[in-house]
Amino acid sequence: MDALALPVGTTLDRFIMRKQEDFPFASGELSQLLRDIALAAKIVNREVNHAGLINIGGAYGSQNVQGEEQQKLDVVANVRFIRALRNGGEVCTIISEEEDDMIQTGNCHGKYVVAMDPLDGSSNIDVNVSIGTIFSVYRRKSAFDKDGDLLDCLQAGTEQVAAGYIIYGSSTMLVYTTGNGVNGFTYEPSLGEFFLSHQEIRIPEEGTIYSCNDGNYWQFNEGVRAYLDYCRKAGFTARYTGSLVGDFHRNLLKGGIYLYPATDKTPKGKLRLLYECNALAFVVEQAGGFASDGKNRIVKIKPQELHERTPFIIGSRKMVETALHIMQEEKDWP
Ligand code: P6P
(Lines give C-alpha, C1' and ligand atoms only; values in the text may rest on other atoms or scores of the structure.)
Protein backbone atom coordinates (compact mmCIF):
# COMPACT_ATOMS: atom_id res chain seq x y z
CA MET A 1 0.00 0.00 0.00
CA ASP A 2 1.30 3.43 -0.94
CA ALA A 3 2.16 5.11 2.37
CA LEU A 4 0.82 8.35 0.99
CA ALA A 5 -2.26 6.67 -0.48
CA LEU A 6 -4.84 9.23 -1.43
CA PRO A 7 -8.23 8.99 0.31
CA VAL A 8 -11.18 7.35 -1.39
CA GLY A 9 -13.13 10.11 -3.10
CA THR A 10 -10.05 11.72 -4.61
CA THR A 11 -10.67 12.72 -8.22
CA LEU A 12 -8.89 10.83 -10.99
CA ASP A 13 -7.13 14.05 -12.03
CA ARG A 14 -5.66 14.63 -8.58
CA PHE A 15 -4.72 10.96 -8.31
CA ILE A 16 -2.86 11.10 -11.64
CA MET A 17 -1.02 14.27 -10.54
CA ARG A 18 -0.10 12.71 -7.18
CA LYS A 19 1.18 9.54 -8.81
CA GLN A 20 3.20 11.55 -11.31
CA GLU A 21 5.08 13.06 -8.36
CA ASP A 22 6.29 9.49 -7.66
CA PHE A 23 8.21 9.65 -10.94
CA PRO A 24 10.70 12.53 -10.52
CA PHE A 25 11.66 12.49 -14.18
CA ALA A 26 8.11 12.19 -15.48
CA SER A 27 7.35 15.02 -17.83
CA GLY A 28 3.59 14.59 -17.74
CA GLU A 29 2.87 13.06 -21.13
CA LEU A 30 1.58 9.75 -19.73
CA SER A 31 -0.53 11.66 -17.22
CA GLN A 32 -2.05 13.66 -20.06
CA LEU A 33 -2.67 10.46 -22.05
CA LEU A 34 -4.58 8.97 -19.13
CA ARG A 35 -6.68 12.14 -18.93
CA ASP A 36 -7.40 11.84 -22.66
CA ILE A 37 -8.64 8.27 -22.14
CA ALA A 38 -10.83 9.42 -19.25
CA LEU A 39 -12.31 12.18 -21.42
CA ALA A 40 -13.23 9.72 -24.18
CA ALA A 41 -14.67 7.38 -21.55
CA LYS A 42 -17.02 10.12 -20.31
CA ILE A 43 -18.22 10.79 -23.85
CA VAL A 44 -18.72 7.09 -24.67
CA ASN A 45 -20.47 6.61 -21.34
CA ARG A 46 -23.02 9.24 -22.37
CA GLU A 47 -23.58 7.51 -25.74
CA VAL A 48 -23.89 4.06 -24.12
CA ASN A 49 -26.42 5.33 -21.61
CA HIS A 50 -28.57 6.82 -24.36
CA ALA A 51 -28.18 3.89 -26.78
CA GLY A 52 -31.72 2.68 -26.27
CA LEU A 53 -33.21 6.14 -26.64
CA ILE A 54 -31.64 7.63 -29.73
CA ASN A 55 -31.59 4.43 -31.73
CA ILE A 56 -27.84 4.09 -32.06
CA GLY A 57 -28.02 0.54 -30.72
CA GLY A 58 -28.35 -2.28 -33.20
CA ALA A 59 -26.22 -3.18 -36.18
CA TYR A 60 -24.60 -0.48 -38.29
CA GLY A 61 -24.60 -2.58 -41.40
CA SER A 62 -20.82 -2.70 -41.81
CA GLN A 63 -18.42 -5.33 -40.55
CA ASN A 64 -15.11 -4.89 -38.70
CA VAL A 65 -11.86 -6.76 -39.32
CA GLN A 66 -13.24 -9.59 -37.22
CA GLY A 67 -16.06 -10.01 -39.69
CA GLU A 68 -18.44 -9.16 -36.85
CA GLU A 69 -21.51 -6.98 -37.41
CA GLN A 70 -20.40 -3.52 -36.25
CA GLN A 71 -22.82 -2.09 -33.74
CA LYS A 72 -23.25 1.64 -34.15
CA LEU A 73 -21.80 2.20 -30.69
CA ASP A 74 -18.66 0.30 -31.75
CA VAL A 75 -18.13 2.89 -34.45
CA VAL A 76 -18.96 5.78 -32.14
CA ALA A 77 -16.59 4.56 -29.42
CA ASN A 78 -13.81 3.98 -31.93
CA VAL A 79 -14.17 7.51 -33.32
CA ARG A 80 -14.33 9.08 -29.85
CA PHE A 81 -11.22 7.37 -28.50
CA ILE A 82 -9.21 8.02 -31.67
CA ARG A 83 -10.25 11.69 -31.61
CA ALA A 84 -9.39 12.13 -27.92
CA LEU A 85 -5.99 10.48 -28.34
CA ARG A 86 -5.23 12.41 -31.54
CA ASN A 87 -6.23 15.76 -29.98
CA GLY A 88 -4.34 14.98 -26.77
CA GLY A 89 -1.10 14.87 -28.78
CA GLU A 90 0.70 12.20 -26.73
CA VAL A 91 0.02 9.21 -29.03
CA CYS A 92 1.66 8.67 -32.42
CA THR A 93 -0.08 5.44 -33.42
CA ILE A 94 -3.22 3.52 -32.42
CA ILE A 95 -4.22 -0.10 -32.95
CA SER A 96 -7.97 -0.69 -32.71
CA GLU A 97 -10.14 -3.78 -33.00
CA GLU A 98 -12.29 -1.71 -35.35
CA GLU A 99 -9.51 -0.86 -37.83
CA ASP A 100 -7.58 -3.29 -40.06
CA ASP A 101 -4.37 -1.25 -40.06
CA MET A 102 -2.44 1.02 -37.66
CA ILE A 103 -4.01 4.45 -37.23
CA GLN A 104 -1.46 7.28 -37.49
CA THR A 105 -2.56 10.30 -35.44
CA GLY A 106 -0.15 12.74 -37.10
CA ASN A 107 1.49 13.37 -33.72
CA CYS A 108 4.93 12.28 -34.94
CA HIS A 109 6.49 13.45 -31.67
CA GLY A 110 3.99 11.46 -29.59
CA LYS A 111 5.90 9.17 -27.22
CA TYR A 112 3.23 6.51 -26.94
CA VAL A 113 1.30 3.84 -28.83
CA VAL A 114 -2.18 2.75 -27.70
CA ALA A 115 -3.80 -0.60 -28.46
CA MET A 116 -7.52 -0.65 -27.74
CA ASP A 117 -10.80 -2.44 -28.05
CA PRO A 118 -13.06 0.61 -28.04
CA LEU A 119 -16.20 -1.29 -27.12
CA ASP A 120 -15.86 -4.95 -26.21
CA GLY A 121 -18.94 -7.10 -25.83
CA SER A 122 -21.01 -4.82 -28.04
CA SER A 123 -23.41 -7.65 -28.95
CA ASN A 124 -24.70 -7.05 -25.41
CA ILE A 125 -25.63 -3.41 -26.03
CA ASP A 126 -29.24 -4.13 -26.97
CA VAL A 127 -29.82 -6.31 -23.92
CA ASN A 128 -28.31 -3.94 -21.35
CA VAL A 129 -25.46 -6.19 -20.25
CA SER A 130 -22.25 -4.44 -19.13
CA ILE A 131 -19.80 -3.66 -21.94
CA GLY A 132 -16.34 -2.16 -21.84
CA THR A 133 -13.34 -0.43 -23.36
CA ILE A 134 -9.93 -2.10 -22.99
CA PHE A 135 -6.62 -0.26 -23.53
CA SER A 136 -2.87 -0.81 -23.41
CA VAL A 137 -0.20 1.90 -23.56
CA TYR A 138 3.34 1.27 -24.88
CA ARG A 139 6.32 3.59 -25.26
CA ARG A 140 7.24 3.90 -28.93
CA LYS A 141 10.62 2.41 -29.94
CA SER A 142 11.02 4.22 -33.27
CA ALA A 143 12.54 7.68 -33.90
CA PHE A 144 10.35 10.58 -32.87
CA ASP A 145 10.23 12.47 -36.15
CA LYS A 146 7.87 10.19 -38.05
CA ASP A 147 4.80 7.97 -37.76
CA GLY A 148 4.94 4.96 -35.48
CA ASP A 149 5.72 1.65 -37.18
CA LEU A 150 4.81 -2.02 -36.85
CA LEU A 151 7.62 -2.70 -34.36
CA ASP A 152 6.17 0.02 -32.13
CA CYS A 153 2.91 -1.94 -32.16
CA LEU A 154 4.10 -5.54 -31.92
CA GLN A 155 5.53 -5.28 -28.40
CA ALA A 156 5.15 -7.96 -25.71
CA GLY A 157 2.79 -7.21 -22.85
CA THR A 158 5.74 -6.80 -20.47
CA GLU A 159 6.52 -3.55 -22.33
CA GLN A 160 3.23 -1.92 -21.33
CA VAL A 161 3.61 1.32 -19.34
CA ALA A 162 -0.11 1.50 -18.54
CA ALA A 163 -3.24 -0.58 -19.14
CA GLY A 164 -6.80 -0.77 -18.00
CA TYR A 165 -10.44 -0.84 -18.89
CA ILE A 166 -13.64 1.13 -18.56
CA ILE A 167 -16.75 -0.86 -17.66
CA TYR A 168 -20.09 0.66 -18.63
CA GLY A 169 -22.39 -1.13 -16.21
CA SER A 170 -24.65 -0.35 -13.25
CA SER A 171 -22.06 2.35 -12.76
CA THR A 172 -19.22 3.33 -15.05
CA MET A 173 -15.73 2.62 -13.74
CA LEU A 174 -12.21 3.22 -14.97
CA VAL A 175 -9.74 0.63 -13.63
CA TYR A 176 -6.06 0.98 -14.54
CA THR A 177 -2.44 0.34 -13.60
CA THR A 178 0.84 2.01 -14.46
CA GLY A 179 2.82 -0.81 -12.89
CA ASN A 180 2.37 0.27 -9.26
CA GLY A 181 -0.84 -1.49 -8.29
CA VAL A 182 -4.40 -1.25 -9.59
CA ASN A 183 -6.93 1.44 -8.71
CA GLY A 184 -10.60 1.85 -9.63
CA PHE A 185 -12.49 5.10 -10.22
CA THR A 186 -16.27 5.41 -10.32
CA TYR A 187 -17.85 8.02 -12.60
CA GLU A 188 -20.31 10.54 -11.21
CA PRO A 189 -22.15 11.83 -14.30
CA SER A 190 -23.76 14.76 -12.48
CA LEU A 191 -20.28 16.10 -11.68
CA GLY A 192 -18.52 14.77 -14.79
CA GLU A 193 -15.74 13.32 -12.62
CA PHE A 194 -14.19 9.93 -11.87
CA PHE A 195 -13.67 9.45 -8.12
CA LEU A 196 -11.29 6.94 -6.47
CA SER A 197 -13.58 4.20 -5.19
CA HIS A 198 -11.47 1.01 -5.25
CA GLN A 199 -7.96 1.64 -3.87
CA GLU A 200 -5.08 -0.80 -4.44
CA ILE A 201 -7.30 -3.61 -5.80
CA ARG A 202 -6.05 -7.15 -5.02
CA ILE A 203 -7.69 -10.19 -6.65
CA PRO A 204 -8.39 -12.97 -4.08
CA GLU A 205 -5.79 -15.73 -4.46
CA GLU A 206 -8.56 -18.32 -4.53
CA GLY A 207 -12.11 -18.13 -5.84
CA THR A 208 -15.15 -20.25 -6.65
CA ILE A 209 -16.41 -18.50 -9.80
CA TYR A 210 -15.56 -19.78 -13.27
CA SER A 211 -16.45 -17.93 -16.46
CA CYS A 212 -16.45 -19.93 -19.70
CA ASN A 213 -18.86 -20.46 -22.58
CA ASP A 214 -20.06 -23.92 -21.61
CA GLY A 215 -21.78 -24.23 -25.00
CA ASN A 216 -18.32 -24.88 -26.46
CA TYR A 217 -17.63 -27.76 -24.07
CA TRP A 218 -17.37 -30.44 -26.78
CA GLN A 219 -15.23 -28.13 -28.92
CA PHE A 220 -12.61 -27.84 -26.17
CA ASN A 221 -9.75 -30.31 -25.88
CA GLU A 222 -9.62 -32.91 -23.12
CA GLY A 223 -7.50 -30.77 -20.82
CA VAL A 224 -10.02 -27.92 -20.78
CA ARG A 225 -12.95 -30.31 -20.41
CA ALA A 226 -11.14 -31.93 -17.46
CA TYR A 227 -10.78 -28.54 -15.78
CA LEU A 228 -14.46 -27.65 -16.34
CA ASP A 229 -15.41 -31.05 -14.89
CA TYR A 230 -13.22 -30.21 -11.88
CA CYS A 231 -15.07 -26.89 -11.39
CA ARG A 232 -18.44 -28.62 -11.53
CA LYS A 233 -17.39 -31.35 -9.08
CA ALA A 234 -16.00 -28.68 -6.76
CA GLY A 235 -19.40 -26.97 -6.79
CA PHE A 236 -18.01 -23.72 -8.18
CA THR A 237 -20.39 -21.03 -9.47
CA ALA A 238 -20.66 -20.55 -13.24
CA ARG A 239 -20.90 -16.88 -14.23
CA TYR A 240 -20.56 -15.93 -17.92
CA THR A 241 -22.11 -12.79 -19.41
CA GLY A 242 -20.60 -12.85 -22.90
CA SER A 243 -18.79 -9.64 -22.00
CA LEU A 244 -15.10 -10.07 -21.16
CA VAL A 245 -14.80 -6.80 -19.25
CA GLY A 246 -17.86 -7.57 -17.12
CA ASP A 247 -16.72 -11.11 -16.31
CA PHE A 248 -13.15 -10.00 -15.67
CA HIS A 249 -14.17 -7.11 -13.41
CA ARG A 250 -16.39 -9.32 -11.23
CA ASN A 251 -13.65 -11.94 -10.91
CA LEU A 252 -11.06 -9.24 -10.11
CA LEU A 253 -13.12 -8.03 -7.15
CA LYS A 254 -14.55 -11.36 -5.93
CA GLY A 255 -12.00 -13.93 -7.10
CA GLY A 256 -12.55 -16.22 -10.06
CA ILE A 257 -11.24 -17.47 -13.39
CA TYR A 258 -12.19 -16.62 -16.98
CA LEU A 259 -11.34 -18.97 -19.82
CA TYR A 260 -11.63 -18.56 -23.57
CA PRO A 261 -9.66 -21.59 -24.83
CA ALA A 262 -9.18 -22.68 -28.43
CA THR A 263 -12.28 -24.20 -30.03
CA ASP A 264 -12.91 -25.94 -33.37
CA LYS A 265 -14.21 -22.62 -34.70
CA THR A 266 -11.41 -20.54 -33.15
CA PRO A 267 -8.34 -22.84 -33.13
CA LYS A 268 -6.10 -20.03 -31.85
CA GLY A 269 -8.67 -18.78 -29.36
CA LYS A 270 -11.09 -15.90 -29.96
CA LEU A 271 -9.64 -13.04 -27.93
CA ARG A 272 -7.04 -10.63 -29.25
CA LEU A 273 -3.58 -10.52 -27.69
CA LEU A 274 -2.74 -6.88 -28.41
CA TYR A 275 -5.88 -5.04 -27.33
CA GLU A 276 -7.80 -7.43 -25.06
CA CYS A 277 -5.53 -9.98 -23.36
CA ASN A 278 -2.33 -8.02 -22.69
CA ALA A 279 -4.13 -5.16 -20.96
CA LEU A 280 -6.14 -7.41 -18.61
CA ALA A 281 -3.09 -9.60 -18.01
CA PHE A 282 -1.09 -6.53 -16.87
CA VAL A 283 -3.95 -5.46 -14.58
CA VAL A 284 -4.49 -8.91 -13.08
CA GLU A 285 -0.78 -9.48 -12.42
CA GLN A 286 -0.54 -6.06 -10.75
CA ALA A 287 -3.48 -7.17 -8.57
CA GLY A 288 -1.78 -10.48 -7.67
CA GLY A 289 -3.43 -12.75 -10.25
CA PHE A 290 -2.12 -14.49 -13.36
CA ALA A 291 -2.89 -14.84 -17.09
CA SER A 292 -1.78 -17.62 -19.44
CA ASP A 293 -2.49 -19.03 -22.89
CA GLY A 294 -2.33 -22.48 -21.30
CA LYS A 295 1.43 -22.76 -21.70
CA ASN A 296 2.92 -19.24 -21.69
CA ARG A 297 2.50 -16.19 -19.46
CA ILE A 298 0.36 -13.91 -21.66
CA VAL A 299 2.51 -10.79 -21.23
CA LYS A 300 5.62 -12.65 -22.41
CA ILE A 301 4.14 -13.59 -25.80
CA LYS A 302 5.84 -11.72 -28.67
CA PRO A 303 3.06 -10.63 -31.04
CA GLN A 304 3.53 -11.43 -34.73
CA GLU A 305 0.52 -9.52 -36.12
CA LEU A 306 -1.85 -6.76 -35.01
CA HIS A 307 -5.03 -8.82 -34.69
CA GLU A 308 -3.42 -12.00 -33.39
CA ARG A 309 -5.67 -14.24 -31.30
CA THR A 310 -4.68 -16.32 -28.27
CA PRO A 311 -6.27 -18.83 -25.91
CA PHE A 312 -6.86 -16.90 -22.67
CA ILE A 313 -7.02 -18.05 -19.03
CA ILE A 314 -7.01 -15.26 -16.45
CA GLY A 315 -7.93 -14.71 -12.82
CA SER A 316 -7.07 -15.72 -9.25
CA ARG A 317 -3.53 -17.04 -9.18
CA LYS A 318 -4.29 -20.37 -7.47
CA MET A 319 -7.28 -21.03 -9.74
CA VAL A 320 -5.19 -20.44 -12.87
CA GLU A 321 -2.38 -22.62 -11.49
CA THR A 322 -4.87 -25.44 -10.80
CA ALA A 323 -6.32 -25.11 -14.32
CA LEU A 324 -2.86 -25.27 -15.91
CA HIS A 325 -1.92 -28.27 -13.75
CA ILE A 326 -5.03 -30.21 -14.76
CA MET A 327 -4.55 -29.30 -18.44
CA GLN A 328 -0.89 -30.26 -18.40
CA GLU A 329 -1.78 -33.56 -16.70
CA GLU A 330 -4.08 -34.21 -19.64
CA LYS A 331 -1.13 -33.25 -21.86
CA ASP A 332 -3.57 -31.03 -23.70
CA TRP A 333 -2.96 -27.29 -24.08
CA PRO A 334 -6.04 -25.10 -24.45
P1 P6P B 1 -18.72 -16.12 -27.09
C2 P6P B 1 -17.32 -10.42 -26.98
O3 P6P B 1 -17.49 -10.62 -28.38
C4 P6P B 1 -16.06 -11.18 -26.57
O5 P6P B 1 -14.98 -10.68 -27.29
C6 P6P B 1 -15.83 -11.07 -25.08
O7 P6P B 1 -16.25 -9.84 -24.56
C8 P6P B 1 -16.65 -12.23 -24.52
O9 P6P B 1 -16.13 -12.74 -23.30
C10 P6P B 1 -16.55 -13.27 -25.64
O11 P6P B 1 -16.25 -12.56 -26.84
C12 P6P B 1 -17.85 -14.00 -25.84
O13 P6P B 1 -17.65 -14.93 -26.87
O14 P6P B 1 -18.13 -16.94 -28.21
O15 P6P B 1 -18.77 -16.91 -25.78
O16 P6P B 1 -20.01 -15.46 -27.42
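Two strands count as paired if DSSP finds at least two bridges between them, and strands themselves (E, at least two residues) are DSSP runs numbered from the N terminus. The model looked at here is a predicted one, in which local features need pLDDT of at least 70, side-chain atom pairs count only at pLDDT 80 or more, and totals for chains, interfaces and linings use all residues. Residues are numbered from 1 along each chain as its sequence is written, and side-chain values use heavy atoms, with hydrogens and water left out.

As for cover, 9 of the 9 residues in E5 (residues 112–120) are buried, that is, under 20% relative accessible area with a 1.4 Å probe, counting protein chains only.

Now for the ligand. The residues around it, each with a heavy atom within 4 Å, include Asp120, Asn213, Ser243 and Glu276. Sorted by class, this shell holds 5 nonpolar, 4 polar and 3 charged residues, where Ala, Val, Leu, Ile, Met, Phe, Trp, Tyr, Cys and Pro are nonpolar, Asp, Glu, Lys and Arg charged, and the others, Gly among them, polar.

Polar contacts (pairs of N or O atoms within 3.5 Å) show up too. For Lys270, a polar side-chain atom is 2.9 Å from an oxygen of the ligand. Taken alone, the ligand exposes 400 Å², and the protein buries 80% of that (Shrake-Rupley areas, 1.4 Å probe).

How values were computed:
A polar contact is a pair of N or O atoms within 3.5 Å; within protein, one must be able to donate a hydrogen and the other to accept it, and residues adjacent in sequence count only if both atoms are side-chain atoms. Buried means under 20% relative accessible area, exposed over 50%, partly exposed in between (1.4 Å probe, protein chains only). Helices (H or I, at least four residues) and strands (E, at least two) are DSSP runs, numbered from the N terminus.
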